[in-house]
Structures are given as C-alpha cells and as structure tokens.
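Open the model in your viewer and keep the selection tool at hand. We will go from stop to stop, selecting a few residues each time.

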Amino acid sequence: MWGGTCTEDSAWASTPAAGKWHLPVYQDFHAFDLSGATRVLEWIGDKGDVPCLALKNHSSSWNSGAQPRGTQPLFWELEGLLVTCSNFMPRQHYISLMKKDLDLFHPSVQGCIPMAEEFVFALGDLAECLDPAVVQNLSSTLSQLILLLFPGILVAGYESLKKNEILHLILPLRLSVKENQGLFPERDFKVRHGGFSDRSVFDLKYVPDTRLLVTSGLPGCYLQVWQVAEDSDVIKAVSTIDVHEKEGRLWPRMAIFSSAAPGVLHGARLSSLKVVDLESQKTTYSSGISDDELLSSLQVLDADTFAFCCTSGRLGLVDTRQKWTPSENFRPGSGSAGGRWCAEAGGRGPGPSIASLGSDGQLCLLDPRDLCQPVSLVQCPVSMPSPDPELLRVTWAPGLDNCLAISGFDGTVQVYDVTSWGGMGRQVEPLFTHKGHIFLDGNGMDTAPLVTTHTWHPCKPRTLLSAASDASLHVWDWVDLHAAR
C-alpha cells in the first residue's frame, strides 16, 4: 500500500540571488513515493508547540527544583514550560504510564527517565520519545490514544473511476522533534491507518480532538464522514452529509468549526454555504442568499468567524452570530479579470494577514480591517499561468513572521518574505524555490510534474511538505541564504 524512498540533509535547488545551483540549500530533505498522487496534506494529532518529554512523579506536583542527576537539560527545560500550561490543559490531555512501559521509549530516552513507579505525560510530548518500532505492540490504552500521541499527516488519492486510498502516515522520528537531536533509525513514514474511497478525494479535513475525518470530491452531491478505528488500522466510512449540489461537476469546499459540538462549513457556491452539526447533521447556519458565485476556499478563523474566497477573487469575512452581512471586497485589484483566485488568512507578525493568489501569478495582501483597499498587489515570477487553477495554493508560515509559500503553477514551491512589500504592480522574487519535484523527476522540464499541494510543518519553522502529480511527497527544511550573509 505504501512505498517510500528517502534522501536527507542536502539537495540541489536554485536561488534567485545567484540564479545558479547551490549545494547545500536544505537543512534537511526527504523524498518519498506514494502509491498515488494526492491533493491532500492534512495534519492530524497534536500540533502544539510542546515538542519534548515532560515528567511528573505521580505522587508529587510538577517539579521545579534543581535538575536531577542523569536528566538531560532539554527535558528539564520543557518540563518547566508545562508548569505554566498545566493550569488550563484539560485532564484528558494527560496519560499515566507505569514503569513497566519504559521499553516503549526510544533507547536514547530511556536512560534519562528517573526511576519512579508511575509518570504522567502530556499527550503531544510522547511523539519524539516513543520508539516507532513498537507502535504496533502498544497496550490497548495507548493504542486508543495514538492519534493524539503522534503528529502525522493524512493523504488521499484523487483519481476518477477507481478506489482511492486514504492514509494516516506517522512522520519519521526525525521530523517529529523540534530540535535536531542526531540520527534516528527510522527514516520513512509509517502507515498507521488506511481506508479506501469509491470516489475522488479533493479535500479532507480532520476534526480536532476526535477520530473523525470529512472528505469532499466528485461526485459532489455529498460529503463523507470517516472514523479512524481505535482497535485496528482501518479508516472506515460512517456517514454522509447531503449537500444538495445540483451540478455534478462542482464539489463543495470545506472547513471545520472545532468545538464541543463540531460543525462542518461547506458549499460550492455562496448561495449554498452552510454549517452543519457533525453529530445531528442539523444546519446551524446558512448564507440564505441567492448569489451563485463559485467558491475556491473556506477557512474557519475562530469559534464564530470564517473567511471565504470566490474563484473571481472576491473575499469575505463572516460572523455566524449574525445574518449574512460579510465584510468583503469584490475585486482583488486591477488587471485581474478572467483569472482564478484562492486565499488564506493567518499571517504572523505586523502587517497584512490575508494573502490572495491569482492563477496568473498575482499576489494580493490585505488587512482584514479593510478588505477594499489592498496593502499591496505584486507579480510573482511564475513560468506560466496555472494549468489547473484548482491546485492553486497560498499558505502563511505558522512559525515565521511575514513569510508565505505558493504553488500550483509548475513543479515548484516558492517561498516569499513579504515584509518590505508595498504598492501595486511591482515584480517580486522568491526567498527560496523548491525545485525538488523537477530535479528528481528525471524526465526533463517539459514533462515535469505539477505540485498538487503543500503545507508548513506546525512546529519546524522552515520545514514544508509538498506533493506532486507524479505521486512524489517531499519534506524539506530550507535555508535562508539571504539571512546567512
């Protein structure tokens, strides 16, 4: 079901500064082969920024005294971080392990665990400490919680007229730790769960703090709800959500409202936008309008607010506590007629926090407080207009200020620093361009694969994952050569 190859530590790529090939330009690089191409790279599990082991003696409070002999400073420092978090972290986010479970841990960690009868761990901290080789042999308690213990990704095939795999892949241990802690024996993804869809999967969303997934694709007359089994390695379909889409060629865009009662935001057009309670399948919000503009992306911003982007470039922010009165623009900028657009909110640092990408390579930055006045509109150096605008993607880096990435034009992913951008119509150059999907293809530039999607690692600031139409999956940690000067 899964095959993988891996290359690490350095690889060829080009940078705009010199226009030449340089080695190395990656801090880390992994290349894998999926059994089929994917348009989905969805993170699953704990994505919090608490990356390492924290220990607590079962009979005492969080220890903040002197460092015990034999305990590495890294573990002790992060234990202190959890002291400040423990006041508001729910009790179910912890798990107790008896001393007999010590063999579950990676050998490099075992010698650093103080001898006590029982320890309490924060769920997300075990990812880099449990030895992946023993995952299949975990106790039943840990098996039920493995979805939360290990950060991983979900991928899904999108080919028509065939069954497509949906896979939950555990990242190699090296990619689960925040800091580089040397060599690890496991260098490949591990399939933790899998299932088959009878239709193309164009989008997939994980419902946080559950074992549920929701998929959308063609035919687009319904969404499918899946459950990751607790007692096996199966991802199974459990229900569908009817979307009443009249045109079979359209498929609903999706986003998840995460709460005690999760809701699915979905729609192919503005007129069909609604939020459906995942358990009762009752509609809790709908746009209630007759506007049939096509949607390209949806994004939940908080418990009550979501953003939409239409294929025309129209953007809006919607408060579900009110009737349909979005704060919106109607045009991303001059000279954009006829193009297709997608958008993402979430920029870190001062400045605009919404980025909108056009199929001709125009990139528009906006302040959510005034969507009618773009902060800047620039032209990215794309090789051609996107051959498949459905694959356009712009993403903000969660761990870097004013940094974003774009893909969907060719076999590359371009990374930009938008700090100094301003004005309209200027040409910009990427900070870094990942050409690995072209370089490793071997068939030449004319037949190079098209990047189908990309995503940022939630904890490693300069690490991205990208997938391409040749079923390749890359994980790469890029080097900012401009900052190194």
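Start by selecting β10 and strand β11 (residues 212-216): the two pair in the antiparallel sense over four bridges. Here strands are DSSP runs (E, at least two residues), numbered from the N terminus, and two of them pair if DSSP finds at least two bridges between them. Pick Asp203 next, and you will find its bridge partner, Ser216, in β11.

A word on the model before moving on: it is predicted, with local features needing pLDDT of at least 70 and side-chain atom pairs counting only at pLDDT 80 or more, while totals for chains, interfaces and linings use all residues. Residues are numbered from 1 along each chain as its sequence is written, and side-chain values use heavy atoms, leaving out hydrogens and water.

Now widen the selection to the open sheet of four strands, which has the order β10-β11-β12-β13 and antiparallel pairing. At its edges are β10 (203-206) and β13 (235-242); each has a single partner strand, so one side of each lacks a neighbour in the sheet. On average, neighbouring strands in this sheet are turned by 25 degrees against each other, direction ignored (axes are lines fitted to C-alpha atoms, and angles run from 0 to 180 degrees between N-to-C directions).

Next, select residues 295-300 and 305-310. These are the antiparallel strands β18 and β19, joined by five bridges, and a hairpin links β18 to β19 through four residues. Look for Val300, which stands opposite Phe306 in β19.

For the last stop, go to Ile44 in strand β4 (residues 42-44). Is Ile44 buried or exposed? Ile44 counts as buried because its relative accessibility is 0%; buried means under 20% relative accessible area, exposed over 50%, and partly exposed in between (1.4 Å probe, protein chains only).
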